[in-house]
Structures are given as structure tokens and as C-alpha cells.
Amino acid sequence: MGREYKIKFAVPGNYDPAALQRKLPSPIHSAATGDSYQYAIEPDGFYFIDHLVDRTVAAVALQCLLDEALGLTDVVELTEP
């Protein structure tokens, strides 16, 4: 269980996520509790799950994704699917 977010925007066809991946904190918390967060890049934006394991790490990751999206477009929509 966790909190899910969709950062909606039109992802450019030539988008290279390499720089984003270098900015994101490691999601690995521990073998027992699992990852702090997960994300996916979809044609209509980023999908993000905060697994409520390490809220600080997940918050930094969500902020990185929001910053990345706003660097690619002027307007994004943040929703809970």
C-alpha cells in the first residue's frame, strides 16, 4: 500500500531520462521493507508510488520528477489516480 501520483504532461518523443536518473535518490530502503518509491515514464507523464517506507527519500524523488516535468513543459497536472 502507498500513495500514487500521476504527473501529467506530454513527454517529448526524444526524451532521454539519463539526467533524471542521476538526480533521483536510491529507492532501496532495505531487503525487509522494500523500496521507498517506484516510478515509471509513460507517454502522458510520470507515474509515482510512495510506498510509505521512507517519506523523506520519496519526497525528494517526487520533487525531482516535478522539477523534471516542469523543465520539459510550462504546465503539469498532479493527480492521485
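Me: Where is D50 placed?
Reply: D50 lies in strand β5; a strand here is a DSSP run of E with at least two residues, numbered from the N terminus. The model is predicted: local features need pLDDT of at least 70, side-chain atom pairs count only at pLDDT 80 or more, and totals for chains, interfaces and linings use all residues. Residues are numbered from 1 along each chain as its sequence is written, and side-chain values use heavy atoms, with hydrogens and water left out.

Me: Why is D50 called buried?
Reply: Buried means under 20% relative accessible area, exposed over 50%, and partly exposed in between (1.4 Å probe, protein chains only). D50 has 5% relative accessibility, so D50 counts as buried.

Me: What makes β1 and β5 a pair?
Reply: Two strands pair if DSSP finds at least two bridges between them. Strand β1 (residues 3-8) and strand β5 (residues 45-50) have six bridges, in the antiparallel sense. One of the bridge partners is F48 in β5, which faces Y5.

Me: What makes the contact of K6 with D44 a salt bridge?
Reply: A salt bridge needs a side-chain nitrogen of Lys or Arg within 4 Å of a carboxyl oxygen of Asp or Glu. The closest N and O atoms of K6 and D44 are 2.6 Å apart, and the pair forms a salt bridge. K6 is in strand β1 and D44 in the loop between β4 (37-42) and β5, 38 residues apart.

Me: Why is K6 called buried, and why is D44 called partly exposed?
Reply: K6 has 6% relative accessibility, so K6 counts as buried. D44 has a relative accessible area of 39%, so D44 is partly exposed.

Terms used
Helix = DSSP H or I, 4+ residues; strand = E, 2+ residues; numbered from the N terminus.
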